[in-house]
Amino acid sequence: MVKVCFARPAGDDVIADADAGDNLLRVAQVAGLPLEGTCEGQMACSTCHVIVGKEWFAKLPDASEEEEDMLDLAAGVQPTSRLSCQIVLGEELDGLTVSIPAESHDMRVS
């Protein structure tokens, strides 16, 4: 089991449990967080943009060129920004902390 802490713009945190091999976007969606993931993980949008905690960023594999291109389109990008659909959780990421950008809004929910 892998624990992930999502920091929401309002200042409250959501702790979610995931299985190793889960992708961060799906974990966030199950936890009710506003990450739309319009392209369903195909890297054709940036609606699942998150900001990874600095202490965790180096533990992730490098972003692909395609992911970097999509992040160029995301609002509120930071040096540790990633697309949550591209983060596959493993035991080494137990305790991962990510922030949901204030600009995030899930258009699937009114």
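# Salt bridges and overall build of a predicted protein model

User: Lysine 3 forms a salt bridge with aspartate 17, so how far apart are the closest N and O atoms of this pair?

Analyst: This is a predicted model, in which local features need pLDDT of at least 70 and side-chain atom pairs count only at pLDDT 80 or more, while totals for chains, interfaces and linings use all residues. Residues are numbered from 1 along each chain as its sequence is written, and side-chain values use heavy atoms, with hydrogens and water left out. A salt bridge is defined as a side-chain nitrogen of Lys or Arg within 4 Å of a carboxyl oxygen of Asp or Glu. Lysine 3 and aspartate 17 form such a bridge, and the distance between their closest N and O atoms is 2.7 Å.

User: How many residues apart in sequence are the parts that lysine 3 and aspartate 17 tie together?

Analyst: Helices (H or I, at least four residues) and strands (E, at least two) are DSSP runs, numbered from the N terminus. Lysine 3 belongs to strand β1 (residues 2–7) and aspartate 17 to strand β2 (residues 13–18), so the pair ties together parts whose separation in sequence, in residues, is 14.

User: Are lysine 3 and aspartate 17 buried, partly exposed or exposed?

Analyst: Buried means under 20% relative accessible area, exposed means over 50%, and partly exposed lies in between (1.4 Å probe, protein chains only). Lysine 3 has a relative accessibility of 41% and aspartate 17 has one of 47%, so each of the two counts as partly exposed.

User: Which helix holds glutamate 67, whose side chain meets that of arginine 82 in a salt bridge?

Analyst: The side chains of arginine 82 and glutamate 67 meet at 2.8 Å, N to O. Arginine 82 counts as buried at 5% relative accessibility, and glutamate 67 likewise counts as buried, at 2%. Since arginine 82 lies in strand β4 (residues 81–83), the pair ties together parts that are 15 residues apart in sequence, and the element that holds glutamate 67 (residues 65–71) is helix α3.

User: In what order do the elements of the protein run from the N terminus on?

Analyst: The secondary structure of the protein comes to three helices and five strands. From the N terminus on, these elements run β-β-α-β-α-α-β-β.

User: What share of the residues of the protein counts as buried?

Analyst: The C-alpha trace spans about 35 × 30 × 25 Å along its principal axes. The protein has 110 residues, and the share that counts as buried is 44%.

User: How far apart do the centres of the positive and negative side chains lie?

Analyst: Lys and Arg count as positive and Asp and Glu as negative, whereas His and the chain ends are not counted. The place of a charge is taken as NZ of Lys, CZ of Arg, CG of Asp or CD of Glu. With 7 positive and 20 negative side chains in the protein, the distance between the centres of the two sets is 5 Å.

User: Where does glutamate 40, which has a positive phi although it is not a glycine, lie?

Analyst: Glutamate 40 has a phi of about 55 degrees, and this residue is exposed, with a relative accessible area of 58%. Its place in the chain is the loop between α1 (24–30) and β3 (49–52).
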